[in-house]
Every structure is written in C-alpha cells, then in structure tokens.
Amino acid sequence: MSSRRPFIVGNWKMHKTVAETVGYVAEFASHLPSSSSGCDMAIAPPFTALSSAVAAAHGTTLQVFAQNVAAEGPSGAFTGEVSAAMLKEVGCQGVIVGHSERRRYYGETDAVVAMKTRRALDAQLLPIVCLGETLAERESGAALEVIARQLRAITDTLTDADVHRIVIAYEPVWAIGTGQAATPDIAQQMHRHIRAIWEATFGASADTLRILYGGSVTADNIAEFTALSDVDGALVGGASLSPSGFANLVRGALATSPASQGV
Ligand code: 13P
C-alpha cells in the first residue's frame with residue numbers, strides 16, 4: 001500500500017472574480033471535515049484572484065496554485081506573461097503546467113511545457129505537470145506511447161534534486177468536462193505506466209511520486225479513483241467550483257485513500 005499523501009486540487013480555469021474567490025475560501029473552510037488534515041488540498045484560481053486567495057486561505061491548510069506560468073524568466077519583454085518568481089511572490093505554492101487546454105488552444109508543445117516546469121522548479125514552486133491523450137490517440141492504440149512521449153519531455157530535463165518536487169497529473173483529454181470519466185482500469189493502467197517510466201529513469205523515487213487523475217471527477221466518483229493503488233489524488237475542474245461540493249469531494253478522497261488512514 002502506498003504511503004503517498006493524497007492531494008486534491010481544484011482547477012478553476014477561467015472562473016471566479018476576486019470577490020467570489022474570497023467568499024469561496026471562507027465557505028470551503030466551514031465545510032471541511034476535521035480529517036482534512038489527512039490530505040493536501042489546493043485551489044488554482046485565475047491570476048487576478050491569486051493574491052486574495054492566498055490572503056483568504058491564510059491560517060488554513062488550503063494551498064493556492066496558479067494555472068499557468070511563463071516559459072521565460074525571470075523578467076523581460078513578454079507581454080501578457082506572468083513569471084514563476086511573480087507567482088512565488090504572491091504566495092503561490094505551485095503551478096499547473098501543460099494542461100491540455102493550454103496545449104490545444106495555445107499551442108504549448110512538450111518543449112514549452114518542459115521549460116515551464118523548469119521555471120517553476122527554479123522558483124521553488126511545485127509544478128503539477130499534466131499529461132493526456134486525445135480520443136483519436138486512444139482509439140488508434142497510441143495512448144501509452146503519447147503519455148510516454150509527454151512524460152519523457154519532462155524527465156529528460158530533471159536533475160536528481162528535482163524528482164521529489166514534482167507532481168504528475170494524468171488527464172485524458174476525452175474525459176475533461178465531458179462527464180465521462182476514465183474507468184478505474186484505464187486510470188490504474190496509465191498511472192502504473194507513468195510510475196514505471198519514472199522508476200526506469202529515477203529509481204526508487206517512483207515510490208514517492210504523486211500521480212493525480214483528472215477528468216470528470218466528482219464527489220460521487222472520487223472514491224473509485226483514490227482507492228486505486230497508483231492514484232494519489234485528483235485534479236478537479238467543474239466539481240471544484242462549489243465550495244460545499246469540493247469539500248464533499250475531499251471527504252470522499254479521505255474515506256478511501258490508504259495514506260490518509262495511516263496504513
Ligand atoms: P473537469 O473536472 O471539469 O472534467 O476538468 C478536469 C480538468 O481539466 C482539471 O484540470
């Protein structure tokens with residue numbers, strides 16, 4: 001059984017104003033079970049609400065992550081970009097990189113995702129690196145190879161010091177926002193695949209690597225995922241937007257995850 005600490009992250013995408021964010025954090029805290037100390041929790045609001053989210057979450061265990069970071073840095077003529085150092089300054093603990101929406105709508109390549117991961121690590125931010133195959137890639141039998149390619153683009157750039165400071169998220173593109181989550185079998189197979197590649201590259205650190213599942217996770221199905229031996233938490237979109245719903249989801253994860261029960 002795994003001793004990895006569960007990690008539940010809400011990716012808000014382009015949702016919530018500053019006022020909504022502050023209200024959310026207060027309400028979320030009021031719904032949390034006392035057992036919530038058994039897992040790590042984070043929200044990832046839009047850039048504009050990060051600073052307020054950090055202030056609102058002060059004194060709680062809720063962490064604040066950004067959804068994106070500049071590939072360049074530490075500063076320069078890059079209109080519209082936000083550097084890793086700037087995210088660190090406002091109190092973010094980490095950042096999501098390589099989300100499939102970034103890859104698909106904004107043309108982020110494996111190389112760009114690797115650069116962003118490097119920037120996050122250099123700024124002492126925890127990167128959550130997203131990997132995922134499209135439906136066409138899965139149907140053509142290429143899913144395992146696509147994930148291996150996306151993962152190797154990252155592992156190729158990591159030093160030994162980095163390997164304990166990174167989280168991977170498996171988010172099949174066909175499961176995001178569709179209401180059609182991956183089956184537990186598909187999730188477990190892909191998480192095992194990711195961990196096996198990590199082990200072949202970095203040895204025993206694979207045992208401590210946290211791999212989150214993302215794609216139509218809800219309070220109703222979270223337990224099916226966190227019960228799996230290679231799933232260490234979830235990256236949650238739509239179901240993280242309601243504070244009571246997200247607190248319920250955390251409760252579901254705690255009920256099943258081996259690590260949160262101290263076994
Ligand atoms: P949904 O939970 O809305 O499917 O989104 C998943 C996701 O993209 C999280 O990063």
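## A loop residue to start

S75 lies in the loop between β3 (62–66) and α3 (84–89). Helices here are DSSP runs of H or I with at least four residues, strands are runs of E with at least two, and both are numbered from the N terminus. This is a predicted model, where local features need pLDDT of at least 70, side-chain atom pairs count only at pLDDT 80 or more, and totals for chains, interfaces and linings use all residues. Residues are numbered from 1 along each chain as its sequence is written, and side-chain values use heavy atoms, with hydrogens and water left out.

S75 counts as exposed because its relative accessibility is 56%. The cut-offs are under 20% relative accessible area for buried and over 50% for exposed, with partly exposed in between (1.4 Å probe, protein chains only). S75 and A206 are 131 residues apart in sequence and 34 Å apart in space, C-alpha to C-alpha.

## The active site

The unreviewed UniProt entry places the feature "active site" at H99 and E171. These two span 73 residues in sequence, yet no two of their C-alpha atoms are more than 8.2 Å apart, so they gather at one spot. UniProt positions follow the numbering used here, feature names are shortened, and annotations may be inferred rather than shown by experiment.

H99 sits in the loop between β4 (94–97) and α4. H99 is buried, at 3% relative accessibility. Beyond residues up to four places away in sequence, H99 touches N11, K13, C130, E171 and I176. Contact means heavy atoms within 4.5 Å. A polar atom of the H99 side chain lies 2.9 Å from the backbone nitrogen of E101.

E171 is in the loop between β6 (167–170) and α8 (184–202). E171 is also buried, at 5% relative accessibility. The side chains of E171 and H99 make a polar contact at 3.1 Å. Such a contact is a pair of N or O atoms within 3.5 Å; within protein, one must be able to donate a hydrogen and the other to accept it, and residues adjacent in sequence count only if both atoms are side-chain atoms.

## The binding site

UniProt (unreviewed entry) places the feature "binding site" at N11, W12, K13, G177, S216, G237 and G238. The set spans 228 residues in sequence, yet no two of the C-alpha atoms are more than 13.9 Å apart, so these residues gather at one spot.

G177 is exposed, at 78%. N11 belongs to strand β1 (residues 7–11), whereas G177 is found in the loop between β6 and α8.

## The pockets

The largest pocket has a volume of about 510 Å³. Its lining has 18 residues, with K13, Q67, N68, R102 and Y106 nearest the centre. Helix α4 (residues 100–105) gives the most to this lining, with three residues. A pocket is an open set of points on a 1 Å grid over the protein atoms alone, where a 1.4 Å probe fits, with protein on both sides within 12 Å along at least five of seven lines; lining residues have an atom within 4 Å of a point. Grid points are joined across faces, edges and corners, and a volume is the space filled by probe spheres set on the points.

The second largest pocket has a volume of about 230 Å³. Its lining has 19 residues, with K13, G177, S216, G237 and G238 nearest the centre.
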